[in-house]
Amino acid sequence: MKRSMRANLRGWGMALVLAAAPLALTGCFDVNPPGPTDLSAVEKQIFDAINSIRQANGLYALTTQAGLGGVARAHSEDMLARDYLSHVNPEGKNPGDRIAAAGIAVTSWGENIAFSQGLTDPVDAVVQGWMDSPGHRENILRTTFTHTGVGVAQSGDTFYFTQVFAALPAAKSAPEPSRGWLDALRALIFPGG
């Protein structure tokens, strides 16, 4: 693990109630690093894998939320660009701060992050690593989460993964139309009815 990441792993624990410890996975290095990957396809693979796990455990599937996906992708890109692995960025902003800054109202949130390097199949390794970690697993199987966004950043054989989970406030239903005009319209259409 990189020195800067080790420093960022210390002391994260109590700052984020719903976030789990970062996950770092490394494998055998290939002498020819892979070219650019279709990151949206990787993000969808993670989304699908997490929903398969939820459904296998009797839970409903999470819904994607574009804003949460943007928050997740931006955090992965930031960790890659600035060489750290933490739920809290160098300015001290946590996932809740990033979600709020994106203008997304949530009632609760959680975040899973991971780093992989040199793995031939980083998606399966990351998802399995999250399921093997109690905190990450708890986020994946939390019954109150309804929405998610996945974001991945890549440089060669190095990937940073972020999955943001959230419970969005229930949508408010539209107010009932005024009964006065509706009843008058019905009387015109259905006289005597």
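1. Ser76 is found in helix α3 (residues 66-82); helices here are DSSP runs of H or I with at least four residues, and strands are runs of E with at least two, both numbered from the N terminus. Ser76 counts as buried because its relative accessibility is 0% (buried means under 20% relative accessible area, exposed over 50%, partly exposed in between, with a 1.4 Å probe and protein chains only). Ser76 touches Gly151, Val152, Ala153, Tyr160, Phe161 and Thr162, leaving aside residues up to four places away in sequence; contact means heavy atoms within 4.5 Å.

2. This is a predicted model, in which local features need pLDDT of at least 70 and side-chain atom pairs count only at pLDDT 80 or more, while totals for chains, interfaces and linings use all residues. Residues are numbered from 1 along each chain as its sequence is written, and side-chain values use heavy atoms, without hydrogens and water.

3. The count of salt bridges comes to 6, each being a side-chain nitrogen of Lys or Arg within 4 Å of a carboxyl oxygen of Asp or Glu.

4. One of them joins Arg73 and Glu43, with the closest N and O atoms 2.5 Å apart. This pair links distant parts of the chain, with Arg73 in helix α3 and Glu43 in helix α2, 30 residues apart. Arg73 is partly exposed at 25% relative accessibility, whereas Glu43 is buried at 12%.

5. Glu111 forms a salt bridge with Arg98, at 3.1 Å between the closest N and O atoms. Glu111 lies in strand β3 (residues 108-117) and Arg98 in helix α4 (residues 95-101), 13 residues apart. Glu111 is buried, at 1%, and Arg98 is buried too, at 13%.
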